[in-house]
Amino acid sequence: MRYNTQAESSEQTTLFVAEQTTKPKPASVPIYRVSLVREGKMPTYESRIRSSATASAILQEYLADTDREHFVILMLDQKNQVIGIHTVSIGSLTASVVHPRETFKAAILANAAAIICGHQHLSGDCQPSREDRSITQRLKEAGALLGINLLDHVIVGGEGRYFSFADENLL
């Protein structure tokens with residue numbers, strides 16, 4: 001026995017008609033333009049990085065009047081000339097959140113061949129923390145994948161003191 005054969009076929013017809021008459025809403029896809037904007041310039045005595053001392057001097061000048069921890073990168077061309085400085089993260093008094101994605105974003109846009117990372121320890125103690133060592137290793141690995149070398153990670157403290165990961169063979 002067949003029950004409701006007539007009803008099923010009319011319901012199906014109604015469903016197909018409803019599907020055919022409703023127009024899909026047009027979807028929109030955002031269009032982006034990515035650009036690197038120069039915010040200013042900083043005078044420096046030497047723009048070519050020849051040692052960790054040169055990088056430290058530039059970083060200390062850039063970070064001189066900050067009241068919180070800043071994580072920055074020096075973006076370098078293939079001759080180790082500084083082509084820009086970028087503040088990746090501004091943290092609290094004792095910490096700054098850093099991720100490779102944000103660290104290399106400006107370096108990619110600036111066509112940097114290499115970077116030097118740097119941040120200050122407001123306490124004046126330049127010794128790297130466990131987190132400093134960990135992020136340095138992650139940035140080295142990410143840079144190797146991207147073809148942008150991490151040459152050094154410099155931690156600056158007070159009175160011209162600094163710690164260089166490259167000088168201590170920790171890279």
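Reader: In which segment does Asn169 lie?

Author: This is a predicted model, in which local features need pLDDT of at least 70 and side-chain atom pairs count only at pLDDT 80 or more, while totals for chains, interfaces and linings use all residues. Residues are numbered from 1 along each chain as its sequence is written, and side-chain values use heavy atoms, with hydrogens and water left out. Helices (H or I, at least four residues) and strands (E, at least two) are DSSP runs numbered from the N terminus, and on that numbering Asn169 lies in the segment after β5 (162-164).

Reader: What is the phi of Asn169, and is the residue buried or exposed?

Author: Most residues other than glycine have a negative phi. Asn169 is not a glycine, yet its phi is positive, at about 55°. Buried means under 20% relative accessible area, exposed over 50%, and partly exposed in between (1.4 Å probe, protein chains only); because its relative accessibility is 69%, Asn169 counts as exposed.

Reader: What is the phi of Asn80, and how exposed is this residue?

Author: Asn80 is found in the loop between β1 (70-76) and β2. Its phi is near 65°, a positive value in a residue other than glycine. With a relative accessible area of 26%, Asn80 is partly exposed.

Reader: How many helices and strands does the protein have, and in what pattern do they follow along the sequence?

Author: The protein has 4 helices and 5 strands. Read along the sequence, these elements give the pattern α-α-β-β-α-β-α-β-β.

Reader: What volume does the largest pocket have, and which residues are closest to its centre?

Author: On a 1 Å grid over the protein atoms alone, a pocket is an open set of points with protein on both sides within 12 Å along at least five of seven lines, and lining residues have an atom within 4 Å of a point. A volume is the space filled by probe spheres set on the points, which are joined across faces, edges and corners, and for the largest pocket this comes to about 910 Å³. Of the 25 residues that line the largest pocket, the closest to its centre are Arg38, Gly40, Ile83, Gly84 and Ile85.

Reader: Which element gives the largest share of the lining of the largest pocket?

Author: The elements that give two or more residues to this lining are α2 (52-62), β2 (82-90) and α3 (100-109). The largest share, 6 residues, comes from β2.

Reader: How do the residues of that lining divide into nonpolar, polar and charged?

Author: Here Ala, Val, Leu, Ile, Met, Phe, Trp, Tyr, Cys and Pro count as nonpolar, Asp, Glu, Lys and Arg as charged, and the others, Gly among them, as polar. On that division, the lining of the largest pocket has 13 nonpolar, 7 polar and 5 charged residues.

Reader: How far apart in space are Lys41 and Gly84?

Author: Lys41 is found in the loop between α1 and α2, and it is exposed because its relative accessible area is 76%. Gly84 is one of the residues closest to the centre of the largest pocket. Although Lys41 and Gly84 are 43 residues apart in sequence, their distance in space, C-alpha to C-alpha, is 8.8 Å.

Reader: How many salt bridges does a search of the whole structure find, and which side chains meet at 3.2 Å?

Author: Side chains of opposite charge can pair when their charged atoms come close. A salt bridge is a side-chain nitrogen of Lys or Arg within 4 Å of a carboxyl oxygen of Asp or Glu, and the search finds 2 of them. In one, Arg68 pairs with Asp67, with the closest N and O atoms 3.6 Å apart. The salt bridge at 3.2 Å, N to O, joins the side chains of Arg101 and Glu102.

Definitions and conventions
1 Å grid on protein atoms, 1.4 Å probe; cavity = no way out; pocket = protein on both sides within 12 Å on 5 of 7 lines; lining within 4 Å.
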